[in-house]
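This report describes selected local features of a complex. The sequence and coordinates are shown first, and the discussion follows.

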Amino acid sequence: MAELSEKLLTILSERNEFDTLDLSIELQFDHQRLVGAVKSLQSLGDVITCEQRNSKQWELTDEGKEIAEKGSHEALIYESIPLEGINQNELLGRVPNGKVGFSKAMSLGWIQIDKAAKDGPRVTKKVEAIEDGVKEICQLVKNFQIDKITDQQKNECKKRKLISEVKIVSYFVKKGTDFKTSVSKQEIELTADMIASGSWKDKSFKPYNFNALGLPPASGHLHPLLKVRTQFRQIFLEMGFSEMPTNNYVESSFWNFDALFQPQQHPARDAHDTFFIAEPEEAHEFPMDYLEKVKTVHSIGGYGSQGYKYDWKLKEAAKNIMRTHTTGVSARMLYQLAQKEKFTPSKYFSIDRVFRNETLDATHLAEFHQIEGLVADYGLTLGNLMGYIEQFFKKYGIKKLRFKPAYNPYTEPSMEIFSYHEGLKKWVEVGNSGVFRPEMLLPMGLPKNVSVIAWGLSLERPTMIKYGISNIRELFGPKVNLQKIYDNPLCRLDK
Amino acid sequence: MPTVGLKRDVLFSILGRSYSEDEFNDLCFEFGLELDEVTSEKEMISKEQGTDKAEGASEVIIFKIDVPANRYDLLCVEGLTRGLLIFQQKLEAPIYRMIELPANSINQMIIHPSTAAVRPFAVAAILRDITFTQERYQSFIDLQDKLHQNIGRQRSIVAIGTHDLDTIQGPFHYEALPPKDICFKPLNHKKEYTAIELMELFSTDSHLKHYLHIIQDKPVYPIIKDCNNVVLSMPPIINGDHTKITLKTKNVFVECTATDLNKAKIVLDTIVCMFSQYCAAPYRVEGVKVVSPDGSYLMHPELPYRKEIVSPKEINKSIGISEDASSIASLLTRMCLPSVIIDNGQSLEVEIPPTRHDVLHACDIIEDVAIAFGYNNVNRTISDTNCVAEQFPVNKLTDLLREVIAAAGFTECLTFALCSREDVADKLGKNIKDIPAVHIANPKTLEFQVARTTLLPGILKTVACNKKMPLPLKLFEISDVILLDKTKDVGARNQRHMCAVYYNKVAGFEVIHGLFDRTMQVLEVPNNDYKFIPVDDAAFFPGQCADIMVRGQNIGKLGVLHPDVITKFDLNMPCSVFEIDIEPFL
């Protein structure tokens with residue numbers, strides 16, 4: 001190849017330009033190999049310049065190529081007949097494509113047949129010598145002398161499928177700005193041997209093709225939703241919040257609802273919304289002093305409250321459920337905090353699964369993750385709650401917040417958190433918040449002037465907004481698209 | 001959260017001005033309401049039943065407004081506009097009063113002991129000389145419907161009946177009778193039916209069939225009759241046709257029957273406070289003497305005005321503002337909580353009207369101050385609550401391990417904690433009876449029959465949904481499984497598991513084995529501290545499964561899955577796995 005390349009460069013230095021197709025005819029050299037050599041010269045940089053040209057050309061078919069070399073079928077038939085003649089069947093067996101050759105030779109009047117011969121039809125030569133015109137035409141085509149053939153001959157050959165017209169891409173080559181007549185083979189990669197021997201100094205290296213993609217590294221990937229979970233954990237830890245032990249998916253109605261002053265007829269406690277448990281059907285252990293206080297505050301009030309004035313039943317509170325929120329764990333934590341000898345101000349968070357007996361669709365699953373943060377301290381204000389929420393969302397990249405009055409059985413005041421969505425150009429709800437009711441805190445035994453402020457949101461919704469996912473099932477559960485996990489970018493919430 | 005649909009033009013005419021959608025939205029937002037949707041009857045019908053069904057329906061614009069679940073006083077146009085107008089200081093809160101009649105009045109409802117078996121409570125009141133229009137009448141019906149659905153919990157707790165008083169005569173009797181002994185002409189029907197026939201008749205009624213179960217299996221059904229045995233209603237199912245209200249009705253008898261007396265009172269108060277507005281003497285309601293089975297009696301509606309003493313100082317402290325007592329009093333007045341300053345400004349006496357049964361505690365009053373002040377006008381500050389943060393140990397370990405396993409070339413899955421019984425048993429060649437699983441009592445689909453006891457099924461299902469991905473698939477999950485545990489208060493506990501799966505044309509056990517070795521390496525468990533003990537397990541290929549023993553403790557299994565397991569999870573390639581409990585490494 002290098003030899004051919006240098007030959008081409010010599011030709012170019014003499015002529016200044018050439019067309020690859022013309023040159024291949026002139027040199028009697030295969031055009032494709034010539035183009036290959038030109039391309040490799042082109043890859044060296046500006047040694048040559050090339051301009052692509054398209055043309056049509058007649059080319060021999062495989063049958064045509066054979067004829068150009070060996071002669072036409074009819075000539076081969078003629079040559080195969082001995083002086084004394086030959087049996088027709090024997091003749092046809094001697095020559096490939098015998099039948100075609102036989103009928104052509106007959107119509108050209110080169111041979112004759114005696115059908116009455118006693119050993120079957122006998123063929124003899126009719127003329128003394130022949131001229132194999134078809135072979136000559138094929139040879140002309142092979143030698144690119146197509147202009148010496150008449151149109152009639154061309155059509156005849158085309159009809160016999162000896163020649164065909166093909167599109168040819170050729171290149172018109174000129175000297176480039178870096179033109180030189182010698183090239184050396186370029187190295188692709190630097191090797192240890194080259195460094196050891198120092199041979200790299202004498203070699204030229206092929207420039208790296210920066211347009212190609214690199215080799216993807218073999219790697220594993222973390223799940224996108226859990227990457228977001230990691231970031232939210234990080235935010236809480238940065239803000240000094242400690243993580244709550246939320247590894248208890250099965251919860252009693254008592255801690256999930258009653259402890260939160262959520263009445264026993266509340267719709268959230270309906271089988272339509274909550275997964276009840278057949279086994280283990282009921283919880284069997286409660287802090288009984290505290291339970292009595294919860295019962296009292298529900299049924300007759302106390303701690304400054306009117307209560308809900310209904311017949312509170314232990315049976316209802318004992319029912320086990322798949323927890324509907326992580327706030328039951330918050331209640332357990334606050335209860336424990338209240339049992340300490342001296343109250344210590346505390347900040348807690350959790351991010352874990354909760355369960356709802358939902359009909360599944362693109363935005364609802366039966367389980368999802370709840371993010372929850374709470375602060376318990378003396379004299380906390382509603383302004384503090386909004387302040388914490390503002391800082392929390394700032395770390396998440398959301399700066400514009402506003403709060404809407406809302407209702408929640410266990411918080412008062414209660415606020416829905418809205419953020420201004422720059423893309424949608426409207427306010428969207430991003431979470432819920434409130435100050436835990438005295439009816440929840442005082443029966444636990446927390447000091448009267450201690451307030452607990454809390455907020456919560458789902459992990460899935462911000463993640464779906466962040467990654468533009470419209471179907472939650474593509475994010476959580478077996479129907480996830482693994483390719484999307486492989487391709488998922490870094491999770492930087494504030495970007 | 002209940003949603004009420006109100007005609008925009010009616011709403012604006014009562015509010016005394018019109019609003020752009022944004023303006024109205026902002027007003028709602030401040031007050032704690034949410035303009036959910038702007039629509040029309042035509043649009044709603046065409047959305048639910050198709051455009052052809054909507055032809056000819058009204059195109060009057062309707063605002064659908066979300067109302068907080070505890071604000072029953074905002075569930076109709078009368079109450080919602082009254083609340084907004086008072087909030088805007090364009091109206092003073094009305095005083096609702098009961099007109100007490102002499103003790104011997106025929107305005108009586110006598111509760112018979114038989115009702116104890118089915119629906120023990122009843123209260124009643126009379127709206128005297130009321131004027132209905134088509135709009136008012138519709139609103140009256142709609143409010144009853146909203147109350148039935150919300151506080152009434154689909155009529156199971158409270159059911160309301162309203163009757164044309166001029167067609168009946170007190171005293172009224174609330175009793176419970178065997179169904180065969182009840183016979184009357186139900187609302188909008190032409191003939192009489194026994195209660196047994198009625199239950200049959202309504203079992204195909206798209207609306208009423210949902211309420212039948214409340215009394216269906218009771219030996220006796222509740223019934224309200226007048227002194228001449230005319231049936232008013234058979235709560236909570238249907239009223240009688242005889243006492244039907246029309247636009248011409250002047251005097252309305254309202255009765256509420258219930259399983260919860262407090263809720264019955266709230267419902268009765270709400271209805272009469274809202275609609276006494278249209279009586280000749282506005283906001284005055286005629287009392288009914290309700291006689292209990294023990295002979296004691298009470299006048300209804302109670303229309304209680306309760307007084308709470310609150311401290312402006314405490315209110316300021318809990319919200320984080322500094323308003324003086326008179327300004328707080330006027331903020332409360334705007335929330336329908338008229339307040340006066342007492343003790344030289346040290347205290348406020350707040351009067352809670354019968355429309356505000358949601359106010360249970362001083363904290364509810366504080367919320368109303370904050371709403372009237374404007375949540376978004378409060379300074380946002382951080383408290384100086386200094387704490388040293390700590391991670392929950394098992395979550396910390398999990399996050400550290402996740403990083404290592406992903407770095408080892410495995411991709412993380414996130415699968416459901418609930419699954420089918422088959423997933424944790426049959427498909428793994430086990431019997432559900434031998435699995436210590438938590439069983440769900442009311443799953444809507446087979447996907448949620450049990451809580452998972454292993455992470456493996458979830459990961460195998462993830463593989464099955466990703467069969468078009470290039471092999472091998474290397475997946476893992478570190479998450480909780482749930483196991484029965486009698487020592488826990490609820491009888492079950494979570495356990496943090498780690499499961500890894502290698503799925504390829506060959507089982508590749510050495511890959512899973514290698515990942516496990518790596519896991520032990522990062523957990524600083526030296527080679528001679530763990531070993532594999534061959535064991536038979538129906539989920540695994542015979543001879544290719546082992547218990548994993550770490551320092552003598554069995555923490556899980558590893559091996560090549562049985563081909564039956566692979567096919568049952570709709571897979572077709574060999575698969576090697578390990579699943580361990582990571583809690584021993586805490």
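## A histidine at the chain boundary

In this predicted model, the side chain of B:His361 reaches across to chain A, where the backbone oxygen of A:Tyr303 lies at 2.8 Å. B:His361 belongs to the loop that runs between β19 (347-352) and α10 (362-373) of chain B.

Leaving out residues up to four places away in sequence, B:His361 touches A:Tyr303, A:Gly304 and A:Ser305, together with A:Arg437, A:Pro438 and A:Glu439. Is this histidine buried or exposed? B:His361 has a relative accessibility of 9%, and because the cut-off for burial is 20%, the residue counts as buried.

## A buried glutamate and its cis peptide bond

A:Glu412 is placed in strand β14 of chain A. Its relative accessible area is 4%, so A:Glu412 is classed as buried. The side chain of A:Glu412 forms a polar contact with the side chain of A:Arg437, at 3.5 Å. A:Arg437 is also one of the residues touched by B:His361.

Which residues surround A:Glu412, apart from neighbours within four places in sequence? From chain A they are A:Val435 and A:Arg437, and from chain B they are B:Cys363, B:Asp364 and B:Glu367. The peptide bond that joins A:Glu412 to A:Pro413 is cis, with omega at about -5°. A:Pro413 is likewise found in β14, which spans residues 411-421 of chain A.

## Backbone features in chain B

A cis peptide bond is also present between B:Pro235 and B:Pro236, where omega is about 0°. B:Pro236 lies in the loop between β12 (231-234) and β13 (238-239) of chain B.

For B:Asp129, phi is near 55°. B:Asp129 sits in the loop between β6 (121-127) and α5 (134-149) of chain B, and with a relative accessible area of 36% it is partly exposed. For B:Asn229, phi is about 70°. The position of B:Asn229 is in the loop between β11 (221-225) and β12 of chain B, and at 54% relative accessibility B:Asn229 counts as exposed.

## An enclosed helix in chain B

Why is helix α13 of chain B, residues 456-464, described as largely enclosed by the rest of the structure? The reason is that eight of its nine residues are buried. The buried residues of α13(B) are B:Leu456, B:Pro457, B:Gly458, B:Ile459, B:Leu460, B:Lys461, B:Thr462 and B:Val463.

## A nonpolar surface patch on chain A

On the surface, A:Leu190, A:Ile195 and A:Trp200 form a nonpolar patch, and their accessible area together is about 320 Å². One member, A:Trp200, is located in the loop between α10 (192-197) and α11 (224-238) of chain A. A:Trp200 has a relative accessibility of 40% and therefore counts as partly exposed.

## Confidence of the prediction

The predictor assigns the complex an ipTM of 0.90 and a pTM of 0.80. For chain B the average pLDDT is 93, and 100% of the residues score at least 70.

Key:
Residues numbered from 1 in each chain as written. Chains lettered and ligands numbered in written order. Predicted model: local features only at pLDDT ≥ 70, side-chain atom pairs only at ≥ 80, totals over all residues. Heavy atoms only, no water. Helix = DSSP H or I, 4+ residues; strand = E, 2+ residues; numbered from the N terminus. Buried < 20%, exposed > 50% of the residue type's maximum accessible area, 1.4 Å probe, protein only. Polar contact = N/O pair within 3.5 Å; in protein donor to acceptor, adjacent residues only side chain to side chain. Contact = heavy atoms within 4.5 Å. Patch = residues over 30% accessible without salt bridge, like charges linked within 9 Å, V, L, I, M, F, W, Y side chains within 5 Å. Areas by Shrake-Rupley, 256 points an atom, 1.4 Å probe, with all protein chains shown as cover. Salt bridge = Lys/Arg side-chain N within 4 Å of Asp/Glu carboxyl O. pLDDT = per-residue confidence, 0-100.
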